[in-house]
Amino acid sequence: MIIIRNYRLDYDSGRGLYIVHSNQAPMCPDCGELLSGYDSRRRRVIGSDGKAYYFRLRRLRCSSCGHLHLEIPDIIAPGKHYSAEVIRQARSGRDEACPADDSTIRRWKKK
Ligand SMILES: [Zn+2]
C-alpha cells in the first residue's frame with residue numbers, strides 16, 4: 001500500500017465515483033523501483049456527512065520485485081471504511097457529527 005499526498009480527484013458522474021490522479025511518480029516501498037499501473041479497485045468510504053463515497057484506486061505493480069501496491073489518497077485512512085477526516089474529528093472529541101457508532105469511535109481513540 002502506498003499513501004499519496006499529491007493528487008487530484010475527478011468526479012465521474014456516469015459511474016458515480018471519484019478517480020484519483022496521482023501527481024507523483026509511484027515508487028515501490030519494498031525495493032524503491034518505479035511502479036507501473038496494473039489494474040484498479042473500487043473502494044467505498046463513509047464521509048463525515050455519513051454518506052458513502054466511491055473511489056477508483058489504482059493497483060500498481062513493481063517490475064523489479066513483482067509486488068502489488070494499492071495507491072491510496074491521504075484523505076482515506078488505510079484499512080478503514082471511514083475517511084481520515086471522520087476519524088480525525090472523532091479523535092478530537094467532536095463525536096456528535098460522527099456517523100460511526102460509539103464502539104468504533106472508542107476503538108479509534110485507544111490508538
Ligand atoms: Zn519492488
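## Lys51 and its loop

Lys51 sits in the loop that links β4 (35–46) to β5 (52–62); here helices (H or I, at least four residues) and strands (E, at least two) are DSSP runs, numbered from the N terminus. This is a predicted model, in which local features need pLDDT of at least 70 and side-chain atom pairs count only at pLDDT 80 or more, while totals for chains, interfaces and linings use all residues. Residues are numbered from 1 along each chain as its sequence is written, and side-chain values use heavy atoms, with hydrogens and water left out.

Is Lys51 buried or exposed? Lys51 is exposed, because its relative accessible area is 54%; buried means under 20% relative accessible area, exposed over 50%, and partly exposed in between (1.4 Å probe, protein chains only). Apart from its neighbours within four places in sequence, Lys51 is in contact with Val45 and Ile46, where contact means heavy atoms within 4.5 Å.

## The overall layout

Stepping back to the protein chain, you will find two helices and six strands. Read from the N terminus, the order is β-β-β-β-β-β-α-α.

The protein chain has 111 residues, and 33% of them count as buried. Among contacts with a separation of 6 or more, 46% are between residues 24 or more positions apart.

## The zinc site

Which atoms hold the zinc ion? The zinc ion is coordinated by Cys28 (SG), Cys31 (SG), Cys62 (SG) and Cys65 (SG), at 2.3 to 2.4 Å. Donors are N, O and S atoms within 2.8 Å of the metal (3.2 Å for Na, K and Ca), and water is not among the atoms, so sites may look incomplete. Along the chain, the donors of the zinc ion follow the spacing C-x2-C-x30-C-x2-C.

The four donor atoms make angles of 97 to 123°, and the site of the zinc ion is tetrahedral (four donors count as such if all angles lie between 85 and 135 degrees). For reference, the ideal angle for four tetrahedral donors is 109.5 degrees. Cys28 counts as buried because its relative accessibility is 3%, and Cys62 is buried at 0%. Cys65, at 30% relative accessibility, is partly exposed. A search of the whole structure finds zero disulfides, a disulfide being a pair of cysteine sulfur atoms within 2.5 Å.

## His69 in strand β6

His69 belongs to strand β6 (residues 68–73). With a relative accessibility of 4%, His69 counts as buried.

## Aromatic residues

How many aromatic pairs turn up in the whole structure? The search finds three; rings of Phe, Tyr and Trp (its six-membered ring) pair if their centres lie within 6.5 Å, and planes under 30 degrees apart count as stacked, over 60 as edge-to-face and the rest as tilted. One of the pairs is formed by Tyr11 and Tyr18, which is tilted, at 4.7 Å centre to centre and 50° between the planes.

Tyr11 is partly exposed, with a relative accessible area of 48%, and Tyr18 is also partly exposed, at 24%. Tyr11, Tyr18, Tyr53 and Phe55 form one aromatic cluster.

Val20 lies in strand β3 (residues 17–22) and counts as buried at 6% relative accessibility. Not counting residues up to four places away in sequence, Val20 touches Ile4, Tyr7, Arg8, Leu9, Phe55, Arg56, Leu57 and Pro73. Val20 and Arg58 are 38 residues apart along the chain, with their C-alpha atoms separated by 8.0 Å.

Ile75 is found in the loop between β6 and α1 (84–91), and is partly exposed at 33% relative accessibility. Leaving aside neighbours within four places in sequence, Ile75 is in contact with Tyr7, Leu9, Phe55, Ser83, Ala84 and Glu85. Between Ile75 and Val45 there are 9.8 Å, C-alpha to C-alpha, and the two are 30 residues apart in sequence.

Key: Tetrahedral: all angles 85-135°; square planar, octahedral: opposite > 155°, others 65-115°.
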